[in-house]
Amino acid sequence: MSLKLFLDMISQPCRSVFLFAKKNNLPVEVKLISLKNGEQHTEKFRKVNPLRKVPALKDGDFCMGESIPMMEYMAEKFNTPDHWFPKDLQKRARVNEYLSWQHLGIRMHGSKIFVMKVIDGPVVKLEVPEDKMARAMEDLNWSLDLIEKTFIKDGGFIGGEQISIADLVAIVEIMQPFASGVDVFQGRAKLSAWKERVVQAVGKELFDEAHKTILSAKDSVKQLDSSKVEYFRPLTVLYFL
Amino acid sequence: MELYLDLFSQPCRAVFLLAKVLEIPFEFKYVNLATGQHLGDEFGKISMMRKVPVMKDGEFVLTESTAILEYMVQKHRAPDHWFPSELLLRARINEYLSWQHTNLRAHGSKIFLLKMLFPLMMGCEVPKEKMDAAMEDLNMSLIQLENYFLQNKPFIIGDKISVADIVAMAEIMQPVGTGVDVFTGRPTLSAWRDRVTAQVGVELFKEANEVIMKAKDLSQNIDKTALEMMKPKFQKMFS
């Protein structure tokens with residue numbers, strides 16, 4: 001298969017790309033990259049993505065990064081059903097609106113919680129001050145409230161009545177703090193109901209497969225070789241302004 | 001079409017510029033961020049996100065500049081180069097627009113916040129290490145813009161200007177407005193800036209950037225009541 005996806009399932013954007021490609025049975029080859037082993041810094045990977053990030057895509061000579069554009073590329077190239085990324089002007093705008101907001105919304109706050117809870121203390125041995133944790137939780141809750149109250153349409157999905165890329169991108173980000181031990185769904189009936197709809201639309205088996213790595217991250221970091229700790233340090237400073 | 005804008009904001013400048021360049025008729029609805037107008041009840045009726053820009057096209061209300069920009073291009077059937085439909089070019093422009101949120105936008109904004117708002121909110125100058133670290137991040141983003149996104153092309157996508165260049169330029173002008181010279185010693189970036197300015201028109205470029213270039217006057221112009229209201233949020237962010 002000429003189209004290769006380079007993924008590490010610990011990463012949220014990798015999971016959305018994986019879910020999209022597999023749900024649509026796209027003719028792609030998945031190559032797993034280990035971030036904790038620093039594989040993104042190898043010469044070989046840098047040829048695929050000089051920015052050294054996952055996910056990355058290689059289609060013949062064409063290489064790119066950034067999960068959302070990758071999914072849009074695959075949607076166009078393989079002509080996936082319209083609802084994933086609707087062509088209608090206003091439906092497209094609604095999906096784009098969420099996909100834009102989420103970078104500095106749920107993605108930033110959910111990632112911060114995960115890094116603080118799973119990496120900082122346990123791996124890097126960096127104690128997170130209580131007030132910083134409290135503020136990070138406040139930000140996460142604000143994001144989740146917005147998703148529930150503004151973005152998810154009643155009884156449906158973010159873009160409307162059918163699932164789209166926006167829902168995949170949302171759910172993988174929400175699963176990150178969830179995997180760190182924060183029950184983001186408790187007390188959020190609308191969010192929980194939406195999650196069930198997404199899982200059903202994608203297929204429970206595929207959803208579980210995509211989230212196997214992240215859901216065991218809390219335990220797997222305990223086995224981390226101390227020499228690998230350096231790879232996580234950059235993450236810990238990224239989220240402190 | 002109504003556009004709710006404050007030209008202090010990078011995404012507002014991008015939307016303003018594109019609407020003007022494409023000659024899309026719109027009503028400019030000023031939202032004064034320095035007075036906290038975006039936090040008021042009136043604006044809350046327009047958008048609960050409490051951010052600018054907001055586009056209101058008939059009954060359809062849309063936030064997020066990149067979504068608004070794509071909408072405007074699609075609805076008004078702008079020349080293809082603004083948001084190319086060809087598969088690989090579309091992927092490239094999307095790649096830039098996605099990357100920039102947490103890179104050039106985040107780092108350029110941080111410089112602006114630290115230089116302009118930190119002293120006002122915290123009552124003291126920014127600690128040197130904080131500023132140095134922020135400048136390092138901005139420099140990294142500019143290097144990536146030059147070496148990965150621009151390379152030796154006239155514009156980000158290739159021979160012609162696109163929404164990506166408009167967005168990039170708007171973000172770069174934020175630290176520039178605070179007095180940071182990002183162009184000296186960067187001939188590739190400077191040449192690209194000149195091309196973008198020429199394409200949109202020198203007068204329009206100047207008009208769009210008039211407010212940000214006067215950023216240093218912010219401390220005199222900011223409403224004291226609004227300042228007190230916004231302090232808790234910023235103090236949280238800065239400490």
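The crossing in which helix 3 of chain A passes helix 4 of chain B is right-handed.

Which residues in helix 3 of chain A meet helix 4 of chain B? From helix 3 of chain A they are Pro69(A), Glu72(A), Tyr73(A), Glu76(A) and Lys77(A), and these meet Leu87(B), Leu88(B), Ala91(B), Asn94(B), Glu95(B) and Ser98(B) in helix 4 of chain B. Sorted by class, this contact is made up of five nonpolar, two polar and four charged residues.

## Helix packing within chain A

Another pair of helices belongs to chain A: the axes of helix 6 (residues 165-179) and helix 7 (residues 189-202) come within 11 Å, and they cross at roughly 115°. Helix 6 of chain A passes helix 7 of chain A in a crossing that is left-handed.

On the side of helix 6 of chain A, the contact involves Asp167(A), Leu168(A), Ala170(A), Ile171(A), Ile174(A) and Met175(A), which meet Leu191(A), Trp194(A), Lys195(A), Val198(A) and Val202(A) in helix 7 of chain A. By class, the contact between helix 6 and helix 7 of chain A has nine nonpolar residues and two charged ones, with no polar residues.

## Domains listed in UniProt

For chain A, an unreviewed UniProt entry lists residues 88-220 as "domain: GST C-terminal". Over residues 88-220, chain A is 74% helix and 0% strand, and the end C-alpha atoms of this stretch lie 44 Å apart.

For chain B, UniProt lists, again in an unreviewed entry, residues 86-218 as "domain: GST C-terminal", and over this stretch the chain is 70% helix and 0% strand, with end C-alpha atoms 43 Å apart. The unreviewed entry also gives "domain: GST N-terminal" for residues 1-80 of chain B. Over residues 1-80, chain B is 36% helix and 20% strand, and the end C-alpha atoms are 22 Å apart.

## Confidence of the prediction

Chain B has an average pLDDT of 94, and 100% of the residues score at least 70. For the complex, the predictor gives an ipTM of 0.94 together with a pTM of 0.95.

Technical notes:
Residues numbered from 1 in each chain as written. Chains lettered and ligands numbered in written order. Predicted model: local features only at pLDDT ≥ 70, side-chain atom pairs only at ≥ 80, totals over all residues. Heavy atoms only, no water. Left-handed = near helix turned anticlockwise from the far one by under 90°. Helix = DSSP H or I, 4+ residues; strand = E, 2+ residues; numbered from the N terminus. Contact = heavy atoms within 4.5 Å. Nonpolar A, V, L, I, M, F, W, Y, C, P; charged D, E, K, R; others polar. pLDDT = per-residue confidence, 0-100. UniProt positions renumbered as here; feature names shortened; annotations may be inferred. Axes fitted to C-alpha atoms, helices over the stretch in contact; angles between N-to-C directions.
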